[in-house]
Amino acid sequence: MLSKLDAAPLLEFILDRVNIGVFVLNRNMEVVLWNHFMETNSQRPSQDVVGKNLFELFPELPKQWLERKIQSVFVLKNFAFTSWEQRPYLFRFQHNRPVTGGVDSMRQNCTFLPVKSSSGDVEFVCVTLIDVTDTSIYQSMMQDALNKLNEASNRDGLTGIYNRRFLESELNKEFCRVKRYDGSLSFILLDLDHFKNINDEKGHLAGDEILRRTSEVLSSCIRESDSLGRYGGEEFAVICPQTKLKGAMILAERLRQSVENGNFSFHNERVPLTISVGVAELYPDTPTYERLIHEADTALYQSKEAGRNRVTAFERPA
Amino acid sequence: MSLTPLTEDQRDALQEVLNIAMGQAGDSLARILDAFVELSVPRIRVVDVSHVADTVREMVGDRHEVTAVRQSFFDDLRGEALVIFGANGCKDLADLMGYAEELDQQSERELLLDVANVLVGAILNGITETLGTELSYSAPSIMAEKAQVETLINLDQLSWSHALLLEVNYSLENRDFKSHLLLLMAEEAIDALRGAIDQFMESI
């Protein structure tokens with residue numbers, strides 16, 4: 001065991017060489033201690049820094065904010081903290097991952113500790129600065145992965161457009177928005193005509209290819225604010241926010257024509273394709289978003305009954 | 001409840017210690033916020049772990065969404081502090097501190113963390129100064145944002161058997177700003193607190 005006296009030089013060595021920035025300020029914001037980490041990263045040796053005002057030494061520091069923070073430690077005798085998540089860094093230091101980093105400078109977590117004299121007053125504020133660049137990189141990698149996962153869970157695996165789950169949650173959101181703030185909303189449901197024949201005659205690979213191509217054709221027709229998704233096997237749906245029935249009918253007709261003129265083929269063999277479409281608009285008395293889907297579905301059924309390859313609007317009972 | 005961790009006398013003494021601490025906390029807050037701060041007399045409850053979630057819900061009221069900041073403290077006493085703000089807590093504070101413009105999300109979080117840190121530090125420093133103990137703190141972090149009260153405390157994750165809950169209301173210059181501060185302490189930390197309270201009672 002080392003006595004306290006013997007330990008002192010060891011502690012001094014550790015304080016200087018530990019891989020953490022440590023510096024101490026007095027009430028006049030003058031530096032009284034500046035360890036090796038701070039020397040190396042700021043490229044200012046201790047003898048150039050000690051005894052000088054921190055803000056004169058580093059005019060780029062956010063003075064107003066930082067001074068307030070440090071003063072709060074003197075006044076309140078309380079710890080204070082900064083986190084890289086809110087404030088990426090205190091000092092603009094280089095980090096040690098120039099190759100794999102992807103961030104522009106060292107991310108830092110800082111702790112401000114009150115150093116009390118025997119009378120209980122805060123004499124100095126000791127600041128420790130920890131390099132958390134690694135943490136920040138892992139966190140942003142994790143966030144990217146989560147975003148991708150989230151995005152993937154909203155997509156249909158075959159076509160890459162939205163899936164039914166996402167469409168329904170979007171429709172519900174739009175439904176609630178219109179109920180609360182007014183506005184309009186229309187919903188288009190469409191079905192590939194005689195799709196079963198394609199599957200039966202040309203095989204499922206052909207069917208999959210046609211579904212992919214159809215989603216491309218439909219995607220190219222819709223507007224920025226519309227949401228297109230695969231609703232079921234060969235059924236697609238479009239949510240049209242801020243759109244009345246008349247506008248949705250124009251869009252639906254455009255979808256129908258684009259598919260009819262789509263020049264679909266599989267293994268260089270032409271596959272003629274048409275769609276049947278149903279359109280419904282949300283009215284103040286439409287009770288639920290499911291009701292809106294049901295109405296579009298009813299109109300779609302009428303298109304099928306009337307000979308397919310056509311667009312029908314849901315007729316509200318008089 | 002299995003046992004009462006504090007006797008009536010210890011409870012009274014702790015209440016007294018807290019009252020002193022609150023005075024200091026109010027003073028500290030006033031300095032940092034540049035506003036007159038009124039703190040209510042804290043209500044203390046020591047509850048069995050199985051009642052924590054219910055008690056917290058009862059304290060905060062379960063109708064509103066809340067934002068919570070947590071901060072660890074350690075040394076002579078060890079535990080976690082939770083500061084629970086109402087949904088508009090941050091906006092009210094920002095108004096008060098003269099942020100005229102809309103805060104972006106990161107500034108808003110920084111403000112919440114700063115205020116929570118000041119609240120926790122002020123109260124715990126008040127306690128430790130009176131009791132003659134030492135404390136260190138880790139950085140505060142956002143625990144939940146705009147969450148339902150009942151989702152805050154997950155019983156399965158609690159590793160202690162009792163919690164000391166302090167309910168403190170803050171009013172800031174006629175504004176109805178309310179926040180709640182909870183100190184959660186493990187069994188042995190409550191033991192340490194009890195020891196410190198006993199010493200304090202002998203010394204007066």
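Domain bounds here come from an automatic or database domain assignment. On that basis, chain A is divided into domain 1 (4-140) and domain 2 (154-313).

Some ground rules, quickly. This is a predicted model: local features need pLDDT of at least 70, side-chain atom pairs count only at pLDDT 80 or more, and totals for chains, interfaces and linings use all residues. Residues are numbered from 1 along each chain as its sequence is written, while chains are lettered from A and ligands numbered from 1 in the order in which they are written.

Next, confidence. The model scores ipTM 0.77 and pTM 0.71. pLDDT is the predictor's confidence in each residue, from 0 to 100. For chain B its mean is 76, and 77% of the residues of chain B reach 70 or more. Within chain B, the lowest confidence falls in helix α3 (residues 89-96) of chain B, with a mean of 64. The highest is in strand β5 (residues 135-137) of chain B, at 90.

Now the overall form of chain A. The C-alpha centres of its domain 1 and domain 2 lie 59 Å apart. The C-alpha trace of chain A spans about 95 × 50 × 40 Å along its principal axes.

On to secondary structure. Chain A has eleven helices and twelve strands. Helices (H or I, at least four residues) and strands (E, at least two) are DSSP runs, numbered from the N terminus. Two strands pair if DSSP finds at least two bridges between them.

Take one sheet. Five strands of chain A form an open sheet in the order β2-β1-β5-β4-β3, with antiparallel pairing. At its edges are β2 (31-34) and β3 (80-82) of chain A, each pairing on one side only. From one strand to the next, the twist averages 15 degrees. Angles run from 0 to 180 degrees between N-to-C directions, and axes are lines fitted to C-alpha atoms, for helices over the stretch in contact. Contact itself means that the C-beta atoms of two residues, placed from the backbone, lie within 7 Å.

Inside this sheet, five bridges join β1 (residues 21-25) and β5 (residues 122-131) of chain A in the antiparallel sense. Val22(A) has Thr128(A) in β5(A) as its bridge partner. Helix α5 (residues 63-76) of chain A lies across β1, β3, β4 (108-116) and β5 of chain A, at about 130 degrees to β5(A).

Another open sheet of chain A has five strands in the order β7-β8-β6-β11-β12, and its pairing is mixed. Here the edge strands are β7 (227-230) and β12 (311-313) of chain A. β11 (residues 275-281) of chain A runs parallel to β12(A), joined by three bridges. Gly278(A) stands opposite Thr312(A) in β12(A). Helix α11 (residues 289-305) of chain A packs on the sheet and touches β6 (185-192), β11 and β12 of chain A. Its direction makes about 145 degrees with that of β11(A).

Last, where the chains meet.
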